[in-house]
Amino acid sequence: MSVTAAQGFTAAGIAAGIKANGNPDLALVVNNGPRLAAAGVFTSNRVKAAPVHWSEQVLRGGIVSAVVLNSGGANACTGPKGFQDTHATAEKVAEALGGEHNAGEVAVASTGLIGVLLPMDKLLPGIDTAVAALTADGGEDAAVAIKTTDTVHKTATVSEGGWTVGGMAKGAGMLAPGLATMLVVLTTDADLDSATLDRALRSATRTTFDRVDSDGCMSTNDTVLLLASGASGEVPAYEAFAEAVRTVCDDLARQLIGDAEGASKEIRIEVIGAADEDDAVEVGRSIARNNLLKCAIHGEDPNWGRVLSAIGTTKAAFDPDRLNVAINGVWVCKNGSVGEDRDLVSMKGREVRITADLATGGESAVIWANDLTAEYVHENSAYSS
């Protein structure tokens, strides 16, 4: 049930008419308490969408009673009018929900084409429709409503010890690290404060969403939110809660890579033997962003030379004559030169595993990427997305 798997939350997903094709395009998630704690991480892109600026301000208070999300328009690079529209959206949600809700506790997220103002004459009435459709079973509908080029909606849950963490995500393109890499809403009925949520969320995103690198393109709208209702009355140990959040984030991150635009392969890049974790991450990202390698993998060609070439562009500590590379378990490169017979490598499956050994230290990191296909080029050139 996605974001409504945890107690204390209702959600809805409806078609407000923002998308010309009539598909669902407006989602609403409401925290009914008794606790309204929240934390969030956002894109590090210096060009930020109006909803990101708004929600960053909201999250400073550590309280979020509702999140409204739309697809069909990013409301990015839209100037003062775009920010006014975001404010009006939050105001409308607070008004429609009534009671003690106020706009300063409503987070807003948008996704779609950059540089286009949202059709507020459709979005605002749609909020009334979404409020009327709120239900404890509405998580799946909400997840569907935030899709853009996604082929499937993405949800995940973990339950233990009487409490639950659930979540939904969207994303199929512009997936590259920057604290977060898409729109994600996570919910829990654990009784925890915003500082604890923030600590767990930042720890989880650092090793999951921040290590997904589909196409090297960082969005203007990236947002990950974690809301706690406290409805279970349970106060889990931090370590258990943080691991549950990490598990849900990891699940969603894998789903994002699996649904990346046009992808036919999912690439697990593990860098080992690094002097420190930063070196491992830098090398992993360089490999993930090497278009020649991504094309080779699409063609099921174990071209390890392109892996070494990518490693060589980094500032990581290594000796070129000690580098080792394995593709799907076959060490095709040893000590910077020819290793096992590359014909031993089978790349027929969906997942391709690359291991890059820097032979310098004891640190490691894993980055997930995907191949580069003609379908990716078509999807990003045939129409605006």
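The exercises below, each with a worked solution, concern a predicted model.

**Exercise 1. Ser229**

Find where Ser229 lies, decide whether Ser229 is buried or exposed, and state which backbone atom its side chain reaches.

Solution. 
- Step 1: Ser229 is placed in the loop between strand E9 (223–228) and helix H6 (238–258).
- Step 2: The relative accessibility of Ser229 is 0%. Buried means under 20%, so Ser229 counts as buried.
- Step 3: At 2.7 Å, the side chain of Ser229 reaches the backbone oxygen of Gln7.
- Step 4: Leaving aside residues up to four places away in sequence, Ser229 touches Gln7, Gly8, Phe9, Asn31, Gly33, Pro34, Arg35, Thr188, Asp189 and Ala190.

**Exercise 2. A neighbour of Ser229**

Pro34 is among the residues that Ser229 touches. Determine whether the peptide bond from Gly33 to Pro34 is cis or trans, and locate Pro34.

Solution. 
- Step 1: Omega for the bond from Gly33 to Pro34 is near 20 degrees, and the bond is cis.
- Step 2: Pro34 sits in the loop between strand E2 (26–31) and strand E3 (37–42).

**Exercise 3. Two helix pairs**

Classify the packing of H2 with helix H3 (residues 120–133), then that of helix H7 (residues 277–288) with helix H9 (residues 304–311).

Solution for H2 and H3.
- Step 1: The two helices pack at an angle of about 25 degrees, and their axes are 9 Å apart.
- Step 2: Angles under 35 degrees count as roughly parallel, so H2 and H3 are roughly parallel to each other. Their crossing is right-handed.
- Step 3: On the H2 side the contact involves Asp85, Ala88, Thr89, Lys92, Val93, Ala96 and Leu97; on the H3 side, Met120, Leu123, Leu124, Ile127, Asp128 and Val131.
- Step 4: Sorted by type, the residues of this contact of H2 with H3 are nine nonpolar, one polar and three charged.

Solution for H7 and H9.
- Step 1: The packing angle of H7 and H9 is about 130 degrees, with the axes 8 Å apart.
- Step 2: Roughly perpendicular covers 65 to 115 degrees and roughly antiparallel needs over 145, so H7 and H9 are oblique to each other. H7 passes H9 in a right-handed crossing.
- Step 3: Val283, Ser286 and Ile287 of H7 make the contact with Val307, Ala310 and Ile311 of H9.
- Step 4: The contact of H7 with H9 comprises five nonpolar residues, one polar and no charged.

**Exercise 4. Positive phi**

State the phi value of Cys77 and of Asn335, and locate each residue.

Solution. 
- Step 1: Cys77 is not a glycine, yet its phi is positive, at about 60 degrees. Cys77 belongs to the loop between strand E4 (66–71) and H2.
- Step 2: Asn335, also a residue other than glycine, has a positive phi near 55 degrees. Asn335 belongs to the loop between strand E12 (330–334) and strand E13 (337–338).

Definitions and conventions: Residues numbered from 1 in each chain as written. Predicted model: local features only at pLDDT ≥ 70, side-chain atom pairs only at ≥ 80, totals over all residues. Heavy atoms only, no water. Helix = DSSP H or I, 4+ residues; strand = E, 2+ residues; numbered from the N terminus. Buried < 20%, exposed > 50% of the residue type's maximum accessible area, 1.4 Å probe, protein only. Polar contact = N/O pair within 3.5 Å; in protein donor to acceptor, adjacent residues only side chain to side chain. Contact = heavy atoms within 4.5 Å. Axes fitted to C-alpha atoms, helices over the stretch in contact; angles between N-to-C directions. Left-handed = near helix turned anticlockwise from the far one by under 90°. Nonpolar A, V, L, I, M, F, W, Y, C, P; charged D, E, K, R; others polar.
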